[in-house]
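Here is a short briefing on one protein model. Keep the structure open as you read.

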Amino acid sequence: MAAAWRLSSDMKLAVVIPVHGDHAPLARLLHQIDEMTGVDEVVISASDAWKGKIPQLKKIHPCIVSGPQGRGAQLNRGRQSTSADLLWFLHADAVPPIDGPDTIRCAATSGVLGGFFRFRFEGIESRAASRLAQLINWRAARAIAYGDQGLWFDADAFDRAGGFDAVPLFEEVKLVRSVKSSGRFVPHNETIGVDPRRWQRTGWIKRTLVNRALAIGHACGVSPHTLARWYARL
């Protein structure tokens with residue numbers, strides 16, 4: 001378990017971002033990280049084709065690693081490139097809370113092994129989007145929080161759990177379950193913005209039903225590679 005007696009100032013926090021083609025959202029995220037306090041390191045794990053196209057941070061120059069495309073593998077490569085005590089995994093199109101580093105450190109000093117933030121759709125103010133976000137947060141608090149909710153982990157707990165699965169979908173499920181079984185894995189009240197473009201493109205109801213069908217398929221043992229092929233057709 002994480003050492004609860006550690007001072008927050010002793011705990012180094014690294015942000016790890018997997019990247020494959022999200023240039024404009026990534027530039028926005030890097031600007032937001034520039035405005036944060038408490039981020040000690042940024043690791044960008046790019047697919048091979050994107051290594052030379054990463055915009056730079058003003059205050060913190062990121063470590064950039066590259067390799068074959070695949071979010072689980074990219075996330076693990078990012079973790080292997082940092083010795084930080086705390087790992088905050090953000091998707092390139094995320095809009096994280098500005099005080100996220102303080103929230104994470106506060107939880108970690110009390111012995112929490114990991115956590116996630118409340119889901120909200122970025123730039124959308126409709127009753128349907130708000131209701132759907134509420135349902136997603138209800139599900140995450142009772143079952144599995146996914147990567148778009150800004151998962152973070154104590155680095156030792158992450159390593160003991162074996163990291164992310166090197167699969168194209170649901171790479172975080174086994175990791176989250178393992179950490180939850182060994183200690184406290186908590187939701188935070190702060191929200192993280194999620195890009196609604198996939199819901200808008202597919203349709204709110206259809207996208208929600210497809211996501212649930214994929215999750216049920218995964219729970220029933222369907223290969224993540226098969227599920228990814230279905231997902232790519234949308």
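Contact means that heavy atoms lie within 4.5 Å. By that rule, Glu172 touches Ala145, Tyr146, Gly147, Leu151 and Phe164, leaving aside residues up to four places away in sequence. Keep in mind that this is a predicted model.

**Glu172, a charged residue**
- Glu172 sits in the loop between α5 and α6.
- Glu172 is buried, yet it has no salt bridge.
- The nearest side chain of opposite charge belongs to Arg71, 5.5 Å away.
- A salt bridge needs a side-chain nitrogen of Lys or Arg within 4 Å of a carboxyl oxygen of Asp or Glu.

**The nonpolar cores**
- In soluble globular proteins, nonpolar side chains tend to be buried together.
- The largest nonpolar core here has 31 residues.
- Within this core, Phe89, Phe153 and Phe170 touch the most other members.
- Five elements each supply at least two residues of this core: β4 (86–89), α5 (155–161), α6 (173–182), α8 (204–219) and α9 (224–232).
- Another core, of 26 residues, lies apart from the largest one. Its members include Val15, Ile33, Val42 and Val186.
- What does Phe89 touch, not counting residues up to four places away in sequence? Its partners are Val16, Leu75, Arg79, Gly147, Gly150, Leu151, Phe153, Phe158 and Phe164.

**Helix α1**
- Helix α1 covers residues 23–35, which is 13 residues.
- From first C-alpha to last, α1 reaches 19 Å. That is close to the 18 Å expected at 1.5 Å a residue.
- Which residues of α1 are buried? They are Pro25, Leu26, Leu29, Leu30, Gln32, Ile33 and Asp34.
- These buried residues pack against two strands, β1 (13–19) and β2 (41–47).

**Val112, a loop residue**
- Val112 lies in the loop between α3 (100–109) and β5 (114–121).
- Is Val112 buried or exposed? Val112 counts as buried because its relative accessibility is 1%, and buried means under 20%.
- Val112 and Lys180 are 68 residues apart in sequence. In space, they are 9.9 Å apart, C-alpha to C-alpha.

**Cysteines**
- A disulfide is a covalent bond between the sulfur atoms of two cysteines.
- How many disulfides does a search of the whole structure find? The count is 0.
- Cys63 has 27% relative accessibility, so it counts as partly exposed.
- Cys106 has 56% relative accessibility, so it counts as exposed.

Notes. Residues are numbered from 1 along each chain as its sequence is written. This is a predicted model: local features need pLDDT of at least 70, side-chain atom pairs count only at pLDDT 80 or more; totals for chains, interfaces and linings use all residues. Side-chain values use heavy atoms; hydrogens and water are left out. A nonpolar core is a set of buried Ala, Val, Leu, Ile, Met, Phe, Trp, Tyr and Cys residues joined through side-chain atoms within 4.5 Å. Buried means under 20% relative accessible area, exposed over 50%, partly exposed in between (1.4 Å probe, protein chains only). Helices (H or I, at least four residues) and strands (E, at least two) are DSSP runs, numbered from the N terminus. A disulfide is a pair of cysteine sulfur atoms within 2.5 Å. Lys and Arg count as positive and Asp and Glu as negative; His and the chain ends are not counted. The expected span of a helix is 1.5 Å times one less than its number of residues.
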